[in-house]
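I opened a new notebook page for side-chain contacts.

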Amino acid sequence: MDTGTAGTARGADSRLSTAIAIARLTGIMGIVYVHAWTGRTAEELAAVAFSWQAVLRTVLSEMFGRSAVPLLGMISGWLVVSTATRRSYGPFLLGKARTILLPMVLWNAIAIVLVGAAATFGELKAPTPSSIGWTLNELVPLVHANDINVQMPFLRDLFVCMMLAPLLVRASSAWLAMVALIVVVWSVSGVHVPLLLRPQILLFFTAGIAARRLGVAEKVAGWPVVLCALPFVALIAPRLWTAWLGNVFFDAHPHVMAAFDILFRLASAVLFWRVAWALAGSGVAERLREIERYGFLAFCDHLVLLWLFGPVIGLATGPLGAALYPAYLLVQPLLVLGATVALGRGLMTLSPAVARVLSGGRLGR
């Protein structure tokens with residue numbers, strides 16, 4: 001028996017698992033920058049788009065936030081290959097409903113109650129229930145994205161991808177390529193079909209299945225970091241410029257920007273996967289992996305936390321444009337993570353069952 005080879009294989013599998021955990025955690029923390037509290041309306045942000053603080057916010061959200069959706073989608077596709085091929089369709093889908101759909105609905109309900117109450121009875125400027133249709137769509141985003149938990153369409157579309165997963169994981173590579181091509185055309189066309197609110201998620205999910213089949217994750221892990229960074233560096237400048245120009249530029253060139261967005265997101269995913277692999281071999285790997293168990297909870301709760309506590313902290317720092325705001329902006333992901341860890345531990349102490357449900361099965365076991 002070649003124990004040395006077996007040990008090497010186990011070590012590689014362990015590092016791959018750790019890199020996946022780190023990639024998920026960093027992706028979720030990057031999303032916080034996209035939704036960071038600014039204390040400014042959309043109109044006010046557009047008016048100061050080229051101020052240095054607004055530029056800093058855009059750089060952080062574009063660099064760290066835009067990689068999150070493709071990377072999380074690809075990781076989900078990569079991981080689903082094992083379960084979708086091993087379990088029958090009914091139990092598989094029921095399990096995904098418990099770990100994706102149920103937490104989404106519960107956290108949307110929590111957001112409606114807490115954020116809605118703060119807006120109704122307090123001074124928080126936030127959406128409030130305006131109709132039965134609005135409330136139902138806020139619970140389960142069927143026709144458009146949420147107004148409060150704007151990140152939840154990812155989970156909604158991810159569950160749709162899971163419904164297709166048993167077919168996709170058994171499809172030939174040619175069929176996977178055909179599905180990817182159809183989704184690319186759909187995304188670039190801008191046609192709205194409520195089957196998926198963000199068709200790109202199915203593209204990245206399918207790419208994750210193909211990546212596992214072809215061993216792409218391991219191959220990219222062996223590339224130099226500089227090589228992985230080159231496409232990202234080449235695309236980040238035009239991406240930032242178009243972001244600063246705002247919706248006027250996007251509206252004038254919707255198809256070109258949709259295609260460019262796909263390329264940029266894929267380049268971001270490659271770079272941040274390579275960074276996650278490097279971190280998985282570093283001294284902080286185990287600590288990051290331990291914290292990652294709170295990652296899904298942070299994905300679900302971060303906008304509730306930002307809605308409720310962002311303005312409170314903002315009383316001390318001031319909004320975007322104030323002297324202390326840049327420091328507040330930089331640490332918002334860490335503040336969200338710290339609050340989430342405290343929340344998760346509190347839930348596990350009070351009710352492991354509730355912790356398990358709200359964390360999609362990651363906590364309370």
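**Entry 1: nonpolar surface**

I looked for nonpolar residues grouped on the surface and found a patch formed by F309, V312, I313, L330, V331, L334 and L335, which together have about 610 Å² of accessible area. I note here that the model is predicted. I then asked which helices supply the patch: α15 (295-317) and α16 each give at least two of its residues. The largest share comes from α16, with four residues. I checked one member, F309, which is found in helix α15. F309 counts as partly exposed because its relative accessibility is 48%, which lies between the limits of 20% for buried and 50% for exposed.

**Entry 2: aromatic pairs**

I went on to the rings. A pair of aromatic rings is described by the distance of the centres and the angle of the planes. The count came to ten aromatic pairs. I looked up W37 and Y328: their ring centres are 5.9 Å apart and their planes stand at 45°, so I logged the pair as tilted. That angle falls between the cut-offs of 30 degrees for stacked and 60 for edge-to-face.

Where do W37 and Y328 lie? W37 is in the loop between α1 (3-34) and α2 (42-47), and Y328 is in helix α16 (residues 325-350), so this pair ties together parts 291 residues apart in sequence. I also checked whether the two residues are covered. W37 has 16% relative accessibility and therefore counts as buried. Y328 counts as buried too, at 5%.

I also recorded one aromatic cluster, which is formed by Y33, F64, F232, F264 and F272.

**Entry 3: charges over rings**

I searched for arginine ends placed over aromatic faces. R212 lies over the face of W78, at 4.1 Å from the ring centre. R362 has its charged end over the ring of F296, 4.2 Å from the centre of that ring.

**Entry 4: salt bridges**

How many salt bridges does a search of the whole structure find? The search finds six. I wrote up some of them.

I took E62 and R239 to begin with, whose side chains meet in a salt bridge at 2.7 Å, N to O. The pair links distant parts of the chain, with E62 in helix α3 (residues 52-65) and R239 in helix α11 (residues 225-245), 177 residues apart. Buried or exposed, I asked of E62 and R239? Both E62 and R239 are buried.

R239 also meets D261 in a salt bridge, at 3.1 Å, N to O. Since R239 lies in helix α11 and D261 in helix α13 (residues 254-280), this pair ties together parts that are 22 residues apart in sequence. D261 is buried, as is R239.

I then looked up R287 and E290, whose side chains form a salt bridge at 3.5 Å, N to O. R287 and E290 are three residues apart in helix α14 (residues 285-292), so about one helical turn separates them. R287 is partly exposed, with a relative accessible area of 47%. E290 is likewise partly exposed, at 41%.

My last check was for shared partners. Salt bridges that share partners join E62, R239, D261 and R265 into one network.

Notes:
Residues numbered from 1 in each chain as written. Predicted model: local features only at pLDDT ≥ 70, side-chain atom pairs only at ≥ 80, totals over all residues. Heavy atoms only, no water. Phe/Tyr/Trp six-rings, centres within 6.5 Å; stacked < 30°, edge-to-face > 60°. Buried < 20%, exposed > 50% of the residue type's maximum accessible area, 1.4 Å probe, protein only. Lys NZ or Arg CZ within 6 Å of the ring centre and 35° of its normal. Patch = residues over 30% accessible without salt bridge, like charges linked within 9 Å, V, L, I, M, F, W, Y side chains within 5 Å. Areas by Shrake-Rupley, 256 points an atom, 1.4 Å probe, with all protein chains shown as cover. Salt bridge = Lys/Arg side-chain N within 4 Å of Asp/Glu carboxyl O.
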